[in-house]
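Subject: Handover of a structure and the findings

Dear colleague,

Please find the structure below, together with its sequence. I would be grateful if you would read the notes that follow with the structure open beside them.

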Amino acid sequence: MSFLARRATAAAPSLSRAFSASARRDIARITLVGNLAATPEVKATSTGRELIEYAVASNNGPRENRHTSWFRVAAFIEEGPRRDFLTTLPKGSTVYVEGDAVMHTYTDSEGKPRSALNIYQKNLEVLRRPVPTE
């Protein structure tokens, strides 16, 4: 057995990662179930790349003391049927969203430090579309 092979097999188990050859990346995942606040919109980034932005409202608590949390979600989806599907979802659609959560800190126009939770969509399922009113 060569020196490198012996050294590789003698490595501590906590240092070896048999399930992945890539470097470790810490990332937070989030799952949301809620209603679309408005129809998703296509916007351009400063680099010219297009993204789809939308907001999801999620309620909790009893009806008389209900609390609503609002989440801004962004999705990088190339032109095609998936993008067309997302951009035509009506306000009020109940959706299940899985995404990566990233905390972003910045200084506002008044010089105060602020933070925002950015959610980047990885998966979206439509659970219910609103009933059209006639």
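With which residue does D100 form a salt bridge, and how far apart are the closest N and O atoms? The partner of D100 is R29, and the closest N and O atoms are 2.6 Å apart. Please bear in mind throughout that this is a predicted model.

**Salt bridges**

D100 belongs to strand β5 (residues 94-107) and R29 to strand β1 (residues 28-36), so this pair ties together parts that lie 71 residues apart in sequence. R29, in turn, counts as exposed because its relative accessibility is 60%, and the cut-off is over 50%.

The count of salt bridges in the model comes to eight. Another of them joins R114 to D108, with 3.0 Å between the closest N and O atoms. Here R114 is partly exposed, at 39% relative accessibility, while D108 is buried, at 18%.

A further salt bridge is formed by the side chains of K112 and E110, at 3.6 Å from N to O. In this pair K112 is partly exposed, with a relative accessible area of 42%, and E110 is exposed, with 59%. Salt bridges with shared partners also link R29, D100 and K122 into one network.

**The largest pocket**

The largest pocket holds about 270 Å³ of space. It is lined by 14 residues, of which E53, R72, V73, A74 and N118 are the closest to its centre. Which strands each supply at least two residues of this lining? They are β2 (41-44), β3 (50-60), β4 (67-75) and β6 (113-128). Sorted by class, the lining consists of nine nonpolar, four charged and one polar residue.

**A nonpolar patch on the surface**

On the surface, F76, V102 and Y120 form a nonpolar patch, and their accessible area together is about 230 Å². F76 is located in the loop between β4 and α2 (81-87). With a relative accessibility of 37%, F76 counts as partly exposed, because that class covers values between 20% and 50%.

Yours sincerely,
A colleague

How values were computed
Residues numbered from 1 in each chain as written. Predicted model: local features only at pLDDT ≥ 70, side-chain atom pairs only at ≥ 80, totals over all residues. Heavy atoms only, no water. 1 Å grid on protein atoms, 1.4 Å probe; cavity = no way out; pocket = protein on both sides within 12 Å on 5 of 7 lines; lining within 4 Å. Points joined across faces, edges and corners; volume = space filled by probe spheres on them. Helix = DSSP H or I, 4+ residues; strand = E, 2+ residues; numbered from the N terminus. Nonpolar A, V, L, I, M, F, W, Y, C, P; charged D, E, K, R; others polar. Patch = residues over 30% accessible without salt bridge, like charges linked within 9 Å, V, L, I, M, F, W, Y side chains within 5 Å. Areas by Shrake-Rupley, 256 points an atom, 1.4 Å probe, with all protein chains shown as cover. Salt bridge = Lys/Arg side-chain N within 4 Å of Asp/Glu carboxyl O. Buried < 20%, exposed > 50% of the residue type's maximum accessible area, 1.4 Å probe, protein only.
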